[in-house]
Amino acid sequence: MMNKLIIPLVYLIATLINNDTGLPNKYITSQGQVTFFSYTSVENIEAKNNQVLSVIDFSNNEIAISMLMNAFVFKKALMQEHFNESYIESDLYPKATFEGTIVDFDATNTSVQTKMIKGKLTIREITKEIEIKVKIEHIENTYILSGDFELTVKDFEIKIPSILAPNISKTIAVQFQFKYQPYDS
């Protein structure tokens, strides 16, 4: 009788040690949203990507994001073509990635939290360390992570033709929102 009680008890303790929040450790989204905006004196440039994949592992607060660059949709087809062929060169550099850590995040806290994410953003095979302020909401069995930041065109060696350079902003405003669901492996 004692052995029958010890085995389930050991299993329960091991489970609690591995995940003392009672919540799944990993959350995933495959339809995260990233938008960007760049001011120009002629016409503003804006695009949206609704096919962004991201995973958060709350056992170590690590986050990974991957998105196909050619999945950005523009209002005008010509802008989309120029973005993919001339600026991002999505045939050569098909995706952007981010790997980082959410600093001081507490998965057991159900109130809205504002935290910093520190990590490495890679675009066009150029990696830069960045910090992003994010808002994290825990609603029922989901987490919503949102925020914004700015990128500079020269940091990722995006070449703008000299004739257009005076009319195009050197910074790009990026916004994102991810709605994570528990990941069942």
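Which side chains meet in a salt bridge at 2.7 Å, N to O? Hi everyone, let me start with that one. The partners are E89 and R124. Before going further, please keep in mind that we are looking at a predicted model.

How do the two partners compare in burial? R124 is at 7% relative accessibility, so R124 counts as buried.

R124 has something else for us. Its phi is near 55 degrees, a positive value in a residue other than glycine. Most residues other than glycine have a negative phi. The loop that holds R124 runs between β6 (113-123) and β7 (126-139). A second residue of this kind is E157, with phi near 50 degrees. E157 is found in the loop between β8 (142-152) and β9 (171-182), and at 48% relative accessibility E157 is partly exposed.

Back to the salt bridges, of which the structure holds four. One of them brings together the side chains of E131 and K118, at 3.9 Å from N to O. That pair also links distant parts of the chain, with E131 in strand β7 and K118 in strand β6, 13 residues apart. K118 is partly exposed, at a relative accessible area of 44%. Another bridge is between K135 and E137, whose closest N and O atoms are 3.8 Å apart. K135 has a relative accessible area of 37%, so K135 is partly exposed.

While we are on strand β7, have a look at E129, which lies there too. E129 is exposed, with a relative accessible area of 65%. Leaving aside residues up to four places away in sequence, E129 touches G119 and K120. From E129 to F98 it is 31 residues in sequence and 9.5 Å in space, C-alpha to C-alpha.

What is the volume of the largest pocket? About 960 Å³. The lining has 43 residues, and those closest to the pocket centre are F36, I45, F74, F83 and I172. By class, the lining comprises 34 nonpolar, seven polar and two charged residues. Which element gives the most to this lining? That is α2, with five residues. Among the other elements that give two or more residues are β1 (26-38), β3 (62-68) and β5 (95-102).

F74 and F83 form one that is tilted, at 5.1 Å centre to centre and 50 degrees between the planes. Both F74 and F83 are buried. Compare F178 and Y180: their ring centres are 6.1 Å apart and the planes stand at 65 degrees, so this pair is edge-to-face. F178 is buried at 2% relative accessible area, and Y180 is buried at 0%. Finally, ring pairs link Y27, F58, F105 and Y143 into a cluster.

To close where we began: R124 is the residue to look up on your screens, with its positive phi and its salt bridge to E89. Thanks, everyone, and I'm happy to take questions!

Technical notes:
Residues are numbered from 1 along each chain as its sequence is written. This is a predicted model: local features need pLDDT of at least 70, side-chain atom pairs count only at pLDDT 80 or more; totals for chains, interfaces and linings use all residues. Side-chain values use heavy atoms; hydrogens and water are left out. Rings of Phe, Tyr and Trp (its six-membered ring) pair if their centres lie within 6.5 Å; planes under 30 degrees apart count as stacked, over 60 as edge-to-face and the rest as tilted. Buried means under 20% relative accessible area, exposed over 50%, partly exposed in between (1.4 Å probe, protein chains only). Helices (H or I, at least four residues) and strands (E, at least two) are DSSP runs, numbered from the N terminus. On a 1 Å grid over the protein atoms alone, a cavity is a set of points where a 1.4 Å probe fits but cannot get out, and a pocket is an open set with protein on both sides within 12 Å along at least five of seven lines; lining residues have an atom within 4 Å of a point. Grid points are joined across faces, edges and corners, and a volume is the space filled by probe spheres set on the points. Ala, Val, Leu, Ile, Met, Phe, Trp, Tyr, Cys and Pro count as nonpolar, Asp, Glu, Lys and Arg as charged, and the others, Gly among them, as polar. Contact means heavy atoms within 4.5 Å.
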